Amino acid sequence: MADPVIETRGLLKSFKGLNALNGLNLSVPAGSIFGFLGRNGAGKTTTIKLLMGILKPDGGNARVFGLTATDASASVEIRRRLGFVSEEKDLYPYMTVEQIIRFTRSFFPKWRDDLDRRYLKLFDLPPKRKISDLSKGMRSTLMLLLGISHGAELLILDEPADGLDPVAVEDMLRELVAIAAAEGTTIFFSSHHMEEVEQIADHVCIIDGGAAIVTGSLDDLKARYQRLRIVLGEELQATIHWVDGAEHVRQEGRSVEILASRNVDAILNQARSLPGASVECFPVTLKEIFMEHARRN
Amino acid sequence: MIFRLNPSSGVPIYLQLMEQIKHSIETGALRAGDQLPTIRKLSEDLVMNPNTVVRAYHELQHEGIIELKHGSGAFISESVAGQARVTRKAQAIVQSALERLMSLGLTKDEARRLFENELALLRAETNSEGGKNG
Amino acid sequence: MLWYKGWLETRFRVLFVLVIVLPAIGFVLRHIDPPVPVAAVEELLNALTFFLLLIPLMLAGAGIKTQCILFGTTKGLHGSMYITLSLPVSRLRLLATRAGLGMLETVGVFAVASCVAWFMYPAPRAYLTVSGLFAHWVTVSICMSAFYFLTVFLATFLGDQEEIAVSGILIVILHLLSKTVSVPSSVNVFRAMGESSPLFTHTFPWASMGVSLGAAAILFLAAMRVVQTREY
């Protein structure tokens, strides 16, 4: 099994006494498309900045390509092999599209001219226009172009779909998938948009309060998480203590709804043992998993 | 080849893809010996994760439905002809079960819900067991 | 291409400084109409020197800490800093490139302004030789380096235009100190740019030049340390 491309253990970071990261453990497998989900302020951008060497952690360690992200010279080597799209999508306003491509290309000997020409056309980017005259969506796609065209092994994207209309989002997702299929590029992206993550990610991590609360392969998560709806024969007076895995239990009259994160078998047995119970089982979407965890905190 | 996937449905995408390929075989859209798109092409066309396509193809191979010929691609297995016979038998079973449910006075919607529920319970149990042993 | 990017960011600033400095030099040269006593020339040059220190002041800070463009953009850290930091370039190289470019611009602006003024006002040619002026240019450029790197150092941790203000204040204070506290004239950097300049003494004020270069080196090392440990 290949080493993970990104690996963090017990990552700690605080700003002015506020904990941004509280022991984050991440493991991004090589060649995967990894969705990094979390509410605003949960620690996504802080994590990304730590991986890029822009911030230094207060504790724990972070490795990219097996190299220590906190070491200055290793960090330069890391950045040579990865492409990055920042949250702000701020580029150099005084440069034109053409100029910034030329500028960025000078740092990456493995630049793919065919890719940058392709994306210029695909995303409709006017080469001679000044970046300050571009819309946010166009700056997003330009940043993506710069990140993908240099033949990176890893793409770190912070909210890549920000500012893009649905057609452009689909185009972007298609290009990401194409580059993953063709080159085996690992893609690590943070997003608010569950649908995009569900569409192309094979692994996800939900971060909240600076720690990973849900992590794993998306297929596994969808298999493990089930929503159970139980209708009882009569209203129960006492509250039931459900077995481990029953994450969120809502009881109203004779209806009980449970979000199970694992152990569905045991929970089903327990449910069926209740007097007059009829049980229904539904699959759970990523958004529901996210909302349940977000609501709880 | 037109497949429609719903990433938000809660059903793993690789399973959906497997379902759709199997359905295509059952309806005759895909026949024994036909070639499936390459992993790269399918993932681009459907805008889905290539690893997911890989998983679907491997599971289908495991079930004997397709064959992965190294270097040339994925092909529908010759043995699906035999599958068609099983499908016809199964269809007969479902038809007679439905007739009996209708004679009990159930509506089509009620019958559908019953089937879906039993299947969902079955799937949940299989996954749960798989998780315990795996 | 870091130099190119730096140039794109600072070219208007350079032009602006040139436009300010040129008239000042022109003014001084216009008043050197022989026969003017040497003492008067020395005084004029001293005053000019002080004004010339504007050059390193204004050109040193650009882009060290942020992507600030003079009289332009946002307060605080500009977002485009993140792409720069995401490039496979060490922070040292980023600093060294910007500092180097700014120094070249400083020396260049002074040279260009002096040449243009020299051509516009022929009168002082009776007084001042070309070789003398060249020596003066070399001396002033080297002596400016200390103040240049002082501004660079301040720019690594102060805000967008704050470093100009703070540096300016510090230079004024240093100048006052040099006049009031008894500093041996051989190491007085301010005097080296004015009355101790090769224009009058016909020798280079090596000690002052050495002091300036030494201070510049120390300040550059300090700036390097700050940039390495900074968090963005």
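User: How many residues of chain A are in contact with chain B, and what makes two residues count as in contact?

Analyst: This is a predicted model; local features need pLDDT of at least 70, side-chain atom pairs count only at pLDDT 80 or more, and totals for chains, interfaces and linings use all residues. Residues are numbered from 1 along each chain as its sequence is written, while chains are lettered from A and ligands numbered from 1 in the order in which they are written. Now the count: 32 residues of chain A are in contact with 26 residues of chain B. They count because contact asks for C-beta atoms, placed from the backbone, within 7 Å of each other.

User: Which element gives the most to the side of chain A that touches chain B?

Analyst: That is α6(A), with 8 residues. Helices (H or I, at least four residues) and strands (E, at least two) are DSSP runs, numbered from the N terminus. Helix α6 of chain A spans 166-183. The elements giving two or more residues there also include β14 (278-283).

User: Why is the largest set called a nonpolar core?

Analyst: It is called that because its members are buried Ala, Val, Leu, Ile, Met, Phe, Trp, Tyr and Cys residues, joined through C-beta atoms within 7 Å. Buried means 20 or more other C-beta atoms within 10 Å of a residue's own; 12 or fewer is exposed, and in between is partly exposed. This core has 111 residues, and A:Phe188 is among those with the most contacts inside it. Residues touched by A:Phe188 include A:Ile6, A:Val28 and A:Leu155, not counting residues up to four places away in sequence. A second, separate core has 47 residues, including C:Ile55 and C:Met144.

User: What are the domains of chain A, and where do their bounds come from?

Analyst: They are domain 1 (6-217) and domain 2 (225-296). The bounds come from an automatic or database domain assignment. Their C-alpha centres lie 38 Å apart. Still, 10 residues of domain 1 are in contact with 6 residues of domain 2.
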